[in-house]
Amino acid sequence: MEIIDLHCDVLEKLSRLEDVQFRNDSRLHASLENLQRGNVKVQIFAIFIEPHIPQEQKFTEALRQVEAFQTKVLNEPEMVHITNWKQLNELQDGQIGAVLSLEGCDCIGDDLYKLKLLLDAGVKLVGLTWNYENAVGYGASESPDKGLKPFAKQVIELLNEHDVIIDVAHLNKQGFDDLLPLAKHLIASHCNARALCDHPRNLSDDQIKQLVQHGGRIHVVFYPPFVKKSKEVTTIDDLIKHITHIAALVGVERIGFGSDFDGIDLTVEQLTNASEYQNITSALSKTFTQSEIETMASKGFLKYLSEIGIR
Ligand SMILES: [Zn+2]
């Protein structure tokens, strides 16, 4: 079954580690071969800058990751750079769509021009924050009560103007509330249900419902600390509990996957890299119909894009 995955961090590894290649490198979760084996048809590649990198170097780091995307990912003949969402419907057998996203606006500082440059490079989905404060707002590790900053208005206007999807993953609670009425297109690219695992990176039932009321979707994340609190082995069935819970809240049409592969140091059992993707679609068949699983795996996201009519 074809998969659309909304979040991986392989670009950070590809840019930091010069000897790592996208093809045939066992150190990567989301290598080309693993995506092929897992039948991942579309992968969103996040630009993620480690928080310890000094502010004045962050934008250069972002450009280095764009460069890794171009020279290591797009260099492979199977990979097709998606700069217009409509291209997803034109992918041939054997091709994999590659989309750029930005995980937090930290690297732009308070310079909107830097964000424009990243949109020109093909970034189609943008999160306002990572876990910490930046010029736009406050992340999930900060106080939940601090709202978006004045600069957020300019950022959101630019993203709306370019029909870029705004990602609520990593945003704090008040930032989420402030963003919802302002964003044209919304998604949570890698979050689980807080009702089942009380972590600030997860969304409450109320947030999930509000997100969907504003046209958004939630893509579940495969990182064990966001699946369950206990330190025992985390299984695919534990993750499916989140999917079942969210499906009961908002329906399968609004659910997708955002693995976070290559951004995580722990993995769910039997879902340890992208090659094992079909283990979750198989396990879902105990609870959901084939058509429902296809909706969650890829078709719901394609329908979302066609409904909002973005390019
Ligand atoms: Zn993340």
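The largest pocket of this predicted model holds about 280 Å³ of space. Its lining is made of 18 residues. A zinc ion has three protein donors, Glu 103, His 170 and His 190. A search of the whole structure turns up zero disulfides.

**The largest pocket**

- Rolling a probe the size of a water molecule over the atoms shows where empty space is left.
- In the largest pocket, that space comes to about 280 Å³.
- Of the 18 lining residues, Asp 9, Phe 48, Trp 130, Asp 260 and Gly 263 lie nearest the centre of the pocket.
- Helix α1, residues 10-16, gives the largest share of the lining, with three residues.

- Along the sequence, the donor residues follow the spacing E-x66-H-x19-H.
- His 170 sits in the loop between β6 (165-167) and α6 (173-179), and His 190 sits in the loop between β7 (186-187) and α7 (205-213), so the two histidines tie together parts that are 20 residues apart in sequence.
- Both His 170 and His 190 are buried.

- Thr 129 is found in the loop between β5 (123-127) and α5 (150-161).
- Its relative accessible area is 1%, and buried means under 20%, so Thr 129 is buried.
- The side chain of Thr 129 reaches the backbone oxygen of His 170 at 3.1 Å.

**Cysteines without disulfides**

- A disulfide is a covalent bond between the sulfur atoms of two cysteines.
- The search of the whole structure finds zero of them.
- Cys 8 is in no disulfide, and the nearest cysteine sulfur, which belongs to Cys 191, is 16 Å away.
- Two cysteine sulfur atoms count as a disulfide when they are within 2.5 Å.
- Cys 8 has 0% relative accessibility, so it counts as buried.
- Cys 191 is in no disulfide either, and its nearest cysteine sulfur, that of Cys 197, is 12 Å away.
- Cys 191 counts as buried because its relative accessibility is 1%.

Key: Residues numbered from 1 in each chain as written. Predicted model: local features only at pLDDT ≥ 70, side-chain atom pairs only at ≥ 80, totals over all residues. Heavy atoms only, no water. 1 Å grid on protein atoms, 1.4 Å probe; cavity = no way out; pocket = protein on both sides within 12 Å on 5 of 7 lines; lining within 4 Å. Points joined across faces, edges and corners; volume = space filled by probe spheres on them. Helix = DSSP H or I, 4+ residues; strand = E, 2+ residues; numbered from the N terminus. Donors = N, O, S within 2.8 Å, 3.2 Å for Na, K, Ca; no water. Buried < 20%, exposed > 50% of the residue type's maximum accessible area, 1.4 Å probe, protein only. Polar contact = N/O pair within 3.5 Å; in protein donor to acceptor, adjacent residues only side chain to side chain.
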